[in-house]
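Hi,

Here is the structure I promised to pass on. Have a look, and below it you will find my notes.

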Amino acid sequence: MPAIAQHNPAVARAIYLDHFNLREAPFTLTPNTGFFFGGGERGAVLDALEYASLNTEGVITMTGEVGTGKTMLSRMLIERKPRNLEVVYIANPALTRDEIIHIIASELRMRNLDTLRPVQILKNLQKRLIDLHGKGKRVLLLIDEAHVMSPETLEEIRLLSNLETNHHKLLRIMLVGQDELNRTLASSQMRPLRERITERFPLGALSVSEVAHYLAFRMRRAGGNPDLFDGKAAVLIANASGGITRRINILAEKALLAAYSAEAESVQLHHVEAAARETKFTRLRGERTLWWNPRTWSLSVLNLWRDRRQNDTRSPLQNGRTTSNMAPAPSLGKHRASPA
Ligand SMILES: Nc1ncnc2c1ncn2[C@@H]1O[C@H](COP(=O)(O)OP(=O)(O)O)[C@@H](O)[C@H]1O
Ligand SMILES: [Mg+2]
């Protein structure tokens, strides 16, 4: 690899794209919806989120470790633009209640907000919500990174969910955050909000075979060879990442670079070993397998090999489709993605 590329990941990336005939980088860390992978139940969760947003009057939560794909799913929900649903997305949980109300009002195209006092904005917002409800429109307030919110702000958000007509709640609320959110919600102070939660979506890690499908899917989407990662390399990425998509992307990108530096035609086990050596992840809560555990590792290779053989006789792979044709009808309630 040229010296400049060694110290400059962006340059190295530009060069390896060419080497592997890729249209674009397959493993970037931004939640780019063009790369949405519907496997690992993500597609089914997306369908269920959409259904819940339209049909429940309670509060919805989506929680999971950092990097499991919560923001990606939130963006997919917004991008789908379900008919009859307006989504107000708040990515900054440090906002005050009045600022949040201001954002909702502005997103719902209310005018002259700067001339009104907060209490007046709230009153007008209620009228606007009633008006939209009358037209069959539902409004979802989606708060990302909600685990950072203080219990006091969460309580104020709950009070917003009390905006109602005689028969219906006017504002649906979805709280998206890391697992700490569940701990905050478990406190006795949060009981009123907890009792309003009707749907919970805990997002888990991908299993070993789902990781292999994920790698193939993202490679294909980037215009490259879906089989570039060989089976053992994929299993090691699965184990070293714990099945967390963000970590998979970090390892896969580094392994691609290692393979490119060695002028290899595919990504093999030793390229992932090199990538894993220079990547330090903190251990996840409840994590059972460490990537160097030889027993679980060879079992995983065996399972993946079986899975690939089955898929060969069942092609094409279902993987990566956004769902309506792969998932059962969305069901509400506790919805688990597969554990690692
Ligand atoms: N369903 C998915 N399909 C494709 N890539 C995903 C998916 N979920 C997550 N990712 C990738 O994993 C990374 C982390 O996802 P993100 O949504 O930011 O996680 P979180 O919000 O849970 O911390 C992103 O870079 C994104 O590219
Ligand atoms: Mg996020």
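The shell around ligand 1 divides into seven nonpolar, eight polar and three charged residues (nonpolar: Ala, Val, Leu, Ile, Met, Phe, Trp, Tyr, Cys and Pro; charged: Asp, Glu, Lys and Arg; polar: the others, Gly among them). Of these 18 residues, Phe37, Gly69, Lys70, Thr71 and Thr245 come nearest, where near means a C-beta atom, placed from the backbone, within 6 Å of the molecule. Helices α4 (70-80) and α12 (245-261) each supply at least two residues of that shell; helices are DSSP runs of H or I with at least four residues, strands are runs of E with at least two, and both are numbered from the N terminus.

Please keep in mind that this is a predicted model, with local features needing pLDDT of at least 70, side-chain atom pairs counting only at pLDDT 80 or more, and totals for chains, interfaces and linings using all residues. Residues are numbered from 1 along each chain as its sequence is written, while chains are lettered from A and ligands numbered from 1 in the order in which they are written.

Now the sheet: five strands form an open sheet in the order β2-β3-β4-β1-β5, with parallel pairing (at least two DSSP bridges between two strands). Its edge strands, β2 (85-90) and β5 (197-202), each pair on one side only. Between β1 (residues 59-63) and β4 (residues 171-177) there are five bridges, and Ile60 has Met174 as its bridge partner in β4.

Finally, Ala233 sits in helix α11 (residues 231-241). Ala233 counts as buried because it has 25 C-beta neighbours inside 10 Å (buried: 20 or more other C-beta atoms within 10 Å, placed from the backbone). Its C-alpha atom is separated by 4.2 Å from that of Leu269, 36 residues apart along the chain.

Best wishes

Methods
Buried ≥ 20, exposed ≤ 12 C-beta atoms within 10 Å, placed from the backbone.
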